[in-house]
Amino acid sequence: MPNIVWIQTGACSGDSMALLCADQPSIENLLQRHGLRLLWHPSLTTDARFGQILDALLGGREKLDILCIEGSLITGPNNTGQYDSWKGRAKIDIVRELAPLATHVVAMGTCAAFGGVHAAGPNPTDCTGLQFLKGEAGGLLGADWRARSGQPVINVAGCPAHPNTMTKVLAMLAADDTLKLDGLNRPLAFFSSLVHQGCTRNEYHEYDIEDEVLGGRGCMFFSLGCRGPQTLAPCNTELWNGHNSKTRAGVPCFGCTAPDFPSNRDLFVTPKIGAVPKFLPLGVARAKFMAYKNLARAAAPERVVNREMEP
Ligand code: SF4
């Protein structure tokens, strides 16, 4: 029976909270039907103490199949890691000791994957991700580090990570599936479509009917900072709680699965060069973008211009 050890480092517990919302599979089904054993989670296990588990793992009395890390790796001050410690031991040292024993290491959330919120400038506690700092390979373990499976750290990015993506990745690892990864080590099965795909405001985007204040029915790309057309994430292809997503609820996508999240700009404002968004939909040429938009706006049907369509 494969086991999981889940450790929190510099975290807000958002990924653990999200995990409780998973329903395909749920955490209960993950354990009961997919045969996983949760050896340690700081909030969800009660039958052992962390010190006992750690000793058993390091002493070889327990094997370590899947090591999940939630949170940024805090290396400060002066590379000691003492800003985040357990009984005097820097958490980064515990992670460094456990990672080589694990068949798979999974970064749960953008903080563990890329540094995330805690590594945002000026990063006073010297936070990093497991194998990346923002988009740059390296991080705590180094770019060439590999788990016993031969794979790098699997980056289940998101702030928080999508509940069902977390449990599906764990179920796939339990079944010995090999996960294909993208260039940022995110599983392609969940990070190969854009948030924009499946957004119910798509028709407004298509005809360039854009909102300038929150609470409308239009698209939020041109003025309200939506990063859906640039962000690879499953949010609109597998809804949160089977029910909703940020953009469906009228909140712009913040791009939280990207390595540069959170970017140093207003999340609700689209930065522009002149009148044109600075960051265009993935792969779109700047020279052609406005020509397409102007034509699209001219072709917009009345029902879309009048925002009659429910998003
Ligand atoms: S609101 Fe965002 S995700 Fe939705 S259609 Fe507009 S740009 Fe795309």
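The model is a predicted one. Of the 12 residues of H6, 10 are buried, and the helix is thus described as mostly covered. The buried positions are Pro163, Asn164, Thr165, Met166, Thr167, Lys168, Val169 and Leu170, together with Leu173 and Ala174.

An α-helix has 3.6 residues a turn, so residues three or four places apart point the same way. Just after H6, Asp176 adopts a positive phi of about 65°.

## Strand S7 and its partners

S7 pairs with S3 in the parallel sense, over 5 bridges. Within this part of the model, Ala107 in S7 is the bridge partner of Ile69.

S7 is also joined to S11 by 3 bridges, and these two strands run parallel. Here Ile154 in S11 is the bridge partner of Val106.

## Domains and their contact

The domain assignment of the protein chain gives domain 1 as 3-174 and domain 2 as 193-311. Taken over C-alpha atoms, the centres of domain 1 and domain 2 are separated by 32 Å. Contact between them involves 17 residues of domain 1 and 13 residues of domain 2.

On the side of domain 1 that touches domain 2, helix H5 (110-114) and helix H6 (163-174) each supply at least two residues. By class, this side of domain 1 comprises 7 nonpolar, 8 polar and 2 charged residues.

## Residues around the ligand

The ligand has 14 residues around it, of which Cys199, Cys219, Phe221, Cys226 and Gly228 come nearest. By class, the shell around the ligand consists of 8 nonpolar, 5 polar and 1 charged residues.

## Cis peptide bonds

Most residues other than glycine have a negative phi, and most peptide bonds are trans. A cis peptide bond, with omega about -5°, joins Gly76 and Pro77. Pro77 is placed in the loop between strand S4 (73-74) and strand S5 (85-86). Because 12 other C-beta atoms lie within 10 Å of its own, Pro77 counts as exposed. Leaving aside neighbours within four places in sequence, Pro77 is in contact with Gln82 and Tyr83. The C-alpha atoms of Pro77 and Val156 are separated by 27 Å, the two residues being 79 residues apart along the chain.

The peptide bond from Gly121 to Pro122 is likewise cis, with omega near 5°. Pro122 lies in the loop between H5 and strand S8 (127-128).

## Positive phi values in loops

Asn78 is not a glycine, yet has a positive phi of about 50°. Asn78 lies in the loop between S4 and S5, where Pro77 is also found. With 8 C-beta neighbours inside 10 Å, Asn78 counts as exposed.

Asn241, a residue other than glycine, also has a positive phi, near 55°. The loop that holds Asn241 runs between helix H7 (202-206) and strand S12 (272-273). Asn241 is exposed, with 12 other C-beta atoms within 10 Å.

## The segment after H9

Glu308 is located in the segment after helix H9 (302-305). With 10 C-beta neighbours inside 10 Å, Glu308 counts as exposed. Glu308 and Ala11 are 297 residues apart along the chain, and their C-alpha atoms are separated by 42 Å.

How values were computed:
Residues are numbered from 1 along each chain as its sequence is written. This is a predicted model: local features need pLDDT of at least 70, side-chain atom pairs count only at pLDDT 80 or more; totals for chains, interfaces and linings use all residues. A residue is near a molecule or strand if its C-beta atom, placed from the backbone, lies within 6 Å of it. Ala, Val, Leu, Ile, Met, Phe, Trp, Tyr, Cys and Pro count as nonpolar, Asp, Glu, Lys and Arg as charged, and the others, Gly among them, as polar. Domain bounds come from an automatic or database domain assignment. Two residues are in contact if their C-beta atoms, placed from the backbone, lie within 7 Å. Helices (H or I, at least four residues) and strands (E, at least two) are DSSP runs, numbered from the N terminus. A residue is buried if 20 or more other C-beta atoms lie within 10 Å of its own, exposed if 12 or fewer, and partly exposed in between; C-beta atoms are placed from the backbone. Two strands pair if DSSP finds at least two bridges between them.
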